[in-house]
Amino acid sequence: MVDFVISGDEDLKSIPFGMYPCCLMKVRNLLELDSLITHEEALERGMLFEAVPNHGKEFKGGRGEGFFNVYQIRPGPNGDPERFGPENQWDASMFTGISHRWTRGEENPPHPDNENHDKLGALKSFCKANRRDDAYIWFDYFSVPQQNRENTKKAIASLTAYFMYVRNFISLVLDEDDLDAYRNRMWTRFEQVMSHIPVFFREG
């Protein structure tokens with residue numbers, strides 16, 4: 001088992017790597033979408049991958065350093081992710097975490113994008129500009145369970161793990177009004193803070 005510890009914690013209190021798998025979507029899969037899809041649909045379509053720290057590689061101090069094994073995952077018999085098979089070995093520079101404000105968060109059901117799919121369009125533009133269709137994206141709508149409340153809680157409790165080792169962190173806003181709303185939300189502030197806290201990995 002690999003734990004991570006927050007740099008500067010005098011007690012070096014261990015925190016589990018994550019209570020729920022770190023689910024990522026490959027850029028080439030994201031580019032095929034016409035609209036953002038839920039975690040459950042992405043899982044059912046075989047579009048999600050799990051990042052797991054590689055025990056054989058040393059993790060150095062500082063966020064976003066080290067290597068991960070990436071596994072394709074499928075829905076298990078209870079709807080939980082199950083590893084399907086190894087994909088490749090991947091270094092932290094291939095992982096981009098997206099922080100954003102849900103555009104239609106007050107609707108029922110809530111949705112992160114507007115009716116014109118501007119957020120998905122912005123994500124695609126970012127991915128195309130970086131020209132890495134083999135890279136992976138963490139985005140809450142398809143990375144965090146939306147329909148199973150218990151799994152949602154587990155994933156939320158794992159946010160510190162997800163964002164403390166991400167090397168590429170993007171705050172996605174669509175305009176000035178969206179930026180003001182983004183800056184005033186607790187969750188988006190939390191994600192920004194977590195993405196900048198140094199972290200050390202160790203085997204135990």
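Tutor: Let's start with a word we'll need: a residue is buried when its relative accessible area is under 20%. The model here is a predicted one, and buried residues make up 48% of the 204 residues in the chain.

Student: What makes Glu-50 count as buried?

Tutor: Set the value against the cut-off. Glu-50 has 13% relative accessibility, and buried means under 20%, so Glu-50 is buried.

Student: And how do you know that Glu-50 is in a salt bridge with Arg-83?

Tutor: The test is a side-chain nitrogen of Lys or Arg within 4 Å of a carboxyl oxygen of Asp or Glu. For Arg-83 and Glu-50, the N to O distance is 3.4 Å, so the pair passes the test. Arg-83 sits in strand β6 (residues 81–91) and Glu-50 in strand β4 (residues 48–53), so the bridge ties together parts that are 33 residues apart in sequence.

Student: Is Arg-83 buried, exposed or partly exposed?

Tutor: Exposed means over 50%, buried means under 20%, and partly exposed is in between. Arg-83 has a relative accessible area of 47%, so the label is partly exposed.

Student: How many salt bridges does a search of the whole structure find?

Tutor: The search turns up 3. One of them joins the side chains of Arg-45 and Glu-41, at 3.0 Å from N to O. Arg-45, at 46% relative accessibility, counts as partly exposed, and so does Glu-41, at 36%.

Student: What makes Glu-150 and Lys-153 a salt bridge?

Tutor: Their closest N and O atoms are 3.8 Å apart, and the cut-off is within 4 Å, so the pair counts. Both residues lie in helix α5 (residues 149–157), 3 residues apart, which is about one turn of the helix. Glu-150 is partly exposed at 48%, and Lys-153 is partly exposed at 43%.

Student: Why is Met-186 called exposed?

Tutor: Met-186 has 53% relative accessibility. Exposed means over 50%, so Met-186 gets that label. You'll find Met-186 in helix α8 (residues 186–194).

Student: What makes β3 and β8 paired strands?

Tutor: Pairing needs at least two bridges. Strands β3 and β8 (residues 136–138) are joined by 2 bridges, so they qualify, and they run antiparallel. Met-25, for example, has Ile-137 in β8 as its bridge partner.

Student: What stands out about phi of His-117?

Tutor: Most residues other than glycine have a negative phi. For His-117, phi is near 60 degrees, a positive value in a residue other than glycine. His-117 lies in the loop between β7 (95–100) and α3 (118–130). At 32% relative accessibility, His-117 counts as partly exposed.

Student: How many helices and strands are in the chain?

Tutor: There are 8 helices and 10 strands.

Terms used. Residues numbered from 1 in each chain as written. Predicted model: local features only at pLDDT ≥ 70, side-chain atom pairs only at ≥ 80, totals over all residues. Heavy atoms only, no water. Helix = DSSP H or I, 4+ residues; strand = E, 2+ residues; numbered from the N terminus. Buried < 20%, exposed > 50% of the residue type's maximum accessible area, 1.4 Å probe, protein only.
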